[in-house]
Amino acid sequence: MSRPQHRDHAGAKLGMWLFLLTELFLFGGMFLLYGAYLVRYPREFAAAGREMQLWFGTVNTVILITSSLMAAMAVTAIQRGGRRLAVWLLGGAVICGAVFLINKYLEWSHEFSRGIYPGSSRLAAAPPGESVFYSLYYVTAGLHGLHVLIGSVLLAVVAVWAWRGTIHAGDFAWLENSALYWHLVDLVWIFIFPLYYLIL
């Protein structure tokens, strides 16, 4: 006689929130470091900020906000029994994540072609503050890109599970937690975009 499988959805959600809190501390530390160096090198940060390609950052902002909306709609769809719609929405969010990474690759390729990357001779000859700005940018954006990759894989996995019926209206904790993770990725970018592309 098989026993019903016990699932602690509240515990799983609490665990996810605690994990997201550690992620916020990680990126919060990066933003505090940015603030400290901005106070020390205001002119150099402003000069480096003017070199940033606003178009790339704007496109990636629109992409991430769209994908976050799709992930939220997928949760609502699965709650209402719309499993197929949820799969399509998750697929859209995964595609957005891939487009984000492609756009980031194109942006970094452009920057590398201009000799703007940590350790380059161009930055070595520039004032120290500009080198610090780009070092922080590449570390923060690179770390965020890694989270986009992980989030995209996570959403793809839950999309497959939803397609197979493993995730459904009665059990969607994995989908909900994956969407929460994706919202964190979106939230972090909402801070990165103005700090590096807009306010300087």
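The model is predicted, so local features need pLDDT of at least 70 and side-chain atom pairs count only at pLDDT 80 or more, while totals for chains, interfaces and linings use all residues. Residues are numbered from 1 along each chain as its sequence is written, and side-chain values use heavy atoms, without hydrogens and water.

**Largest pocket**

- The volume of the largest pocket is about 240 Å³.
- Its lining has 14 residues, and those closest to the centre are Ala 12, Asp 171, Ala 173, Trp 174 and Asn 177.
- A lining residue has an atom within 4 Å of a point of the pocket, which is an open set of points on a 1 Å grid where a 1.4 Å probe fits, with protein on both sides within 12 Å along at least five of seven lines.
- By class, the lining comprises 7 nonpolar, 4 polar and 3 charged residues.

**Aromatic pairs**

- The whole structure holds 20 aromatic pairs, meaning rings of Phe, Tyr and Trp (its six-membered ring) with centres within 6.5 Å; planes under 30 degrees apart count as stacked, over 60 as edge-to-face and the rest as tilted.
- Trp 108 and Tyr 137 are edge-to-face, because their ring centres are 6.3 Å apart and their planes are at 65°.
- Phe 112 and Tyr 117 are stacked, with ring centres 4.7 Å apart and planes at 20°.

**Exposure of the paired residues**

- Tyr 137 is buried, at 1% relative accessible area (buried is under 20%, exposed over 50%, partly exposed in between, with a 1.4 Å probe and protein chains only).
- Trp 108 is partly exposed at 23%.
- Phe 112 is partly exposed at 42%, and Tyr 117 is partly exposed at 29%.

How values were computed. Points joined across faces, edges and corners; volume = space filled by probe spheres on them. Nonpolar A, V, L, I, M, F, W, Y, C, P; charged D, E, K, R; others polar.
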